[in-house]
Structure formats: structure tokens, C-alpha cells
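Have the viewer open as you read.

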Amino acid sequence: SKVKFLTHYSAPLSEILWRQNAFSVNDTADRLGRSLGGAGAIQNFLVREYELEHANIYVEKPSGLEHNRITARAVVQVLRALHGQLRKHQMKVRDILPVAGVDRGTLRSRFRSTRYRGGLVGKTGTNSSKDGGVSSLAGLAMTRKHGAVLYAILNTEGDVRTYRRWQDQFLKNLIKESGGISRPLDLYPTKV
């Protein structure tokens, strides 16, 4: 006879991913990564399925901490492939990444003015003790002239606060020079 040993209920994976990305919960990222086979399996998947060059990526830890490496071009490749995968499941990037200036998390206080609010989704990466200071921002900006624009800004060896200001200014200029925001992404209810 069969005996029920364990039952575990969790939030949907999309909600777990959204929360992990919005708040940069490294422990969640590492646990999810281990459940997928670990850093090596993730790296091999990205090379095999998303056709990344081996030289453009090195995953030591799923959370991105430690000695991980990826080029901006590879980040954009991953975002493009992710966008396609989400569409196959009737989802949007917004379902797993926070809207800057709208949703709670690491992007809450960025892009808050009405001119830019709701104009992009993104994932931050910050480590002030690695490589002389690391700050990155990658995601999708909604522009009138060019539609959805994938972006990846990776800064190392400097002041994290300065890099954030530079990233914000670069993306604001991109949106402004592209005719503004095509449609705000904050039409959905704010995640908590």
C-alpha cells in the first residue's frame, strides 16, 4: 500500500521568480539553481539552448554572487530567449521582473517621475565588495519609436551609487530620444 510521506505547497513559480528578482533574494536564486542541477547545469543550458558562447559566460553560483561572469551581449541574448519562452506560456517579462518606479524591491525608488514611471522592467545586480564595486541593470524599456528595447548595463571597478546614477541617466536618455514611453507597464496591479 502507498503511504503519503510529504506534501509541500508553494506559491506559483512565476511569483517566486518575481519576488526573487524584485528583491534580489540570493538565497532563493541559489536554491532554485541547485534544484535545476547547479551552476554547471545552468551554464551548460545557457550555452546549449540559448547559444551563448562559452567565453561569454561563467556561472560559479546561481545567485550571481562569487566569481560569475557574463557579457552584456550574452545578457541580451538571455533576455531575448526568456521573452520568447514567456510568450509561449502566455506570460510577459513583467510577470517575473519588477516595474521600475512602481513595484516594491530594488527598483522601487528609480525612474519614479511621471515621464519614466512604468517605462521599464529590470533586474539589478549589486556587489560593492567584488571587483572594486559591481552594479548592473538589465531588462526591457518600452519606447515609442523602437517598441520594446532590451538593455544590459554592466559596471565594475567603481562606486555603486555613481554607476546607478549613470545607468538611470543612460536609460532616461534612451527613452527620451526614442519618443518617450510607448505604454506604461504599471497598468497591472502592483505586486507585493
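## The sheet

β4 (134-143) and β5 (147-156) run antiparallel and are joined by 10 bridges. Strands here are DSSP E runs of at least two residues, helices are H or I runs of at least four, and both are numbered from the N terminus; two strands pair if DSSP finds at least two bridges between them. One spot to look at is serine 136, which sits opposite leucine 154 in β5. The two strands make a hairpin, with 3 residues between β4 and β5.

On to β3 (residues 120-127), which is antiparallel to β4 and tied to β4 by 8 bridges. Asparagine 127 has valine 134 of β4 as its bridge partner. This pair of strands is a hairpin too, with 6 residues between β3 and β4, and aspartate 131 in the turn has a positive phi of about 50°.

Put together, the 3 strands give an open antiparallel sheet in the order β3-β4-β5. β3 and β5 are the edge strands with a single partner each, so one side of each has no neighbour in the sheet. On average, neighbouring strands of this sheet are turned by 5° against each other, direction ignored.

## Ground rules

This is a predicted model, so local features need pLDDT of at least 70 and side-chain atom pairs count only at pLDDT 80 or more, while totals for chains, interfaces and linings use all residues. Residues are numbered from 1 along each chain as its sequence is written, and side-chain values use heavy atoms, with hydrogens and water left out.

## A helix pair

Helices α1 (residues 13-23) and α2 (residues 26-35) pack at about 135°, their axes 9 Å apart. That makes α1 oblique to α2 (oblique is what remains after under 35 degrees for roughly parallel, over 145 for roughly antiparallel and 65 to 115 for roughly perpendicular). Axes are lines fitted to C-alpha atoms, for helices over the stretch in contact, with angles from 0 to 180 degrees between N-to-C directions.

What volume does the second largest pocket have? About 150 Å³. Of its 12 lining residues, His83, Lys92, Val93, Leu140 and Arg183 are the closest to its centre. α4 (72-88) and β4 each supply at least two residues of that lining, which by class has 7 nonpolar, 1 polar and 4 charged residues.

There is also 1 cavity of 30 Å³ or more, and the largest cavity holds about 30 Å³ of space. Leu79, His83, Val93, Gly139, Leu140 and Leu150 line the largest cavity, with α4 and β4 the elements giving two or more residues. Its lining counts 4 nonpolar, 2 polar and no charged residues.

On a 1 Å grid over the protein atoms alone, a cavity is a set of points where a 1.4 Å probe fits but cannot get out, a pocket is an open set with protein on both sides within 12 Å along at least five of seven lines, and lining residues have an atom within 4 Å of a point.

Technical notes. Points joined across faces, edges and corners; volume = space filled by probe spheres on them. Nonpolar A, V, L, I, M, F, W, Y, C, P; charged D, E, K, R; others polar.
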